[in-house]
Amino acid sequence: MTPRIYLDHAATSPLRPGVREAMLEALESFGNPSSVHAEGRAARARVEAARHAVMRAIGAEGEGALLFTSGASEANAAALAGDGVVLAAAVEHPSVLAQPGVEILPVDARGRLDLQRLEARLARGGARLLAVMLANNETGVVQPVAEAVRLAHGAGVPVHVDAVQALGKLAIDVSALGADSLAVSAHKIGGPKGVGALWLRRPERFSPLLLGGAQEGRRRAGTENTVGIAGFAAALEAVSTEDAAWLEGLRVELEAGIIAIAADARIVGAEAPRVPHISAVALPDIDASTQVIALDLDGIAVSAGAACSSGKVASSHVLAAMGLAPAIAGATLRVSLGWSSTRTDVEHFLTAYEKLVRRGRRAAA
Ligand code: PLP
């Protein structure tokens, strides 16, 4: 059987070494973190150690409060909840764009928030929040968050940052960014699914989504997911400062190889700063789902634009917002690297990609 090559880390990453063990240990330490007895205190200690680890990872030690959630979708929903207008970049994750009151702001052709349009919109007033992601999950394009925060704060508008695709890949510092709240998720860095966190600069202003329990400082009712939280901390511990440089080197090889195979392939967002692990590749004339299926048959897991929950490929709101023609957007593949990626993975991908291009071009001729 062909060995599987996993290049879909922006959708999710396999568990990093050490995470499973930390989770098994937390499973054994079964106490409820709210209980006062020794079993409860042991579970509480794990949760608090993990909280410090996540806060450290986002430069928030000693600042504000961090609550654990079921993932970044919940963290985004909790941060945005409330009445009134939330301005959001057109390329935000659906968990942001689907919230009530969202008003979309345009991005430029590189996929970056149009700061002039943001400034003009802020001047008109009436917005209660701005939501802007640190890095996009389909293209890897990094948003001008600090500049957007300056403009928003100048207009008295706080800013929520979705940092899911940046965690472990870019240095995150809530103070340098000026963020008022920030969402992260464990499963994109080799932690378990179903656990994330929301950091709040002014927790006293936060209105909880889940009521009826004193957990998480009364900001999220429900017994904590102690096993998931322990896994999140273990994944963060395994993140190395060298990861980003290594991933960037692999991505450079990947993209150079792609262009050498198909000179008309286009790296979407290449003109903008990007996180090191995501590459969106448009290959004219070959439908993205055809590419995904052909590569899958060759043992390679990638996705078309964003991973889709329904299993079918929907048109990408991100690529449309960047002004890509539907035919090009529909021919765009997302290849995303992660902690387990190797140079051999990239080489195998390029071999399969060459086959796919040759076959596709023959069929189109
Ligand atoms: N935000 C971004 C940018 C993402 O890539 C994802 C994951 O798909 C999410 C939010 C949602 O995260 P979760 O799967 O933890 O709900």
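Analyst: The ligand is surrounded by 13 residues, of which A72, S73, D162, S185 and K188 are the closest; a residue counts here if one of its heavy atoms lies within 4 Å of the ligand. This is a predicted model, in which local features need pLDDT of at least 70 and side-chain atom pairs count only at pLDDT 80 or more, whereas totals for chains, interfaces and linings use all residues. Residues are numbered from 1 along each chain as its sequence is written, and side-chain values use heavy atoms, with hydrogens and water left out.

By residue type, the shell around the ligand holds three nonpolar, eight polar and two charged members, where Ala, Val, Leu, Ile, Met, Phe, Trp, Tyr, Cys and Pro count as nonpolar, Asp, Glu, Lys and Arg as charged, and the others, Gly among them, as polar. Helix α3, residues 72–80, gives the most to this shell, with three residues; helices are DSSP runs of H or I with at least four residues, numbered from the N terminus.

Polar contacts, meaning pairs of N or O atoms within 3.5 Å, involve several side chains. A polar side-chain atom of S185 lies 2.6 Å from an oxygen atom of the ligand, one of K188 lies 2.8 Å from a ligand oxygen, and an N or O atom in the side chain of Q165 is 2.9 Å from an oxygen atom of the ligand. Of the 400 Å² of accessible area that the ligand has on its own, the protein covers 86%, with areas computed by the Shrake-Rupley method with a 1.4 Å probe.

Note on methods: A polar contact is a pair of N or O atoms within 3.5 Å; within protein, one must be able to donate a hydrogen and the other to accept it, and residues adjacent in sequence count only if both atoms are side-chain atoms. Helices (H or I, at least four residues) and strands (E, at least two) are DSSP runs, numbered from the N terminus.
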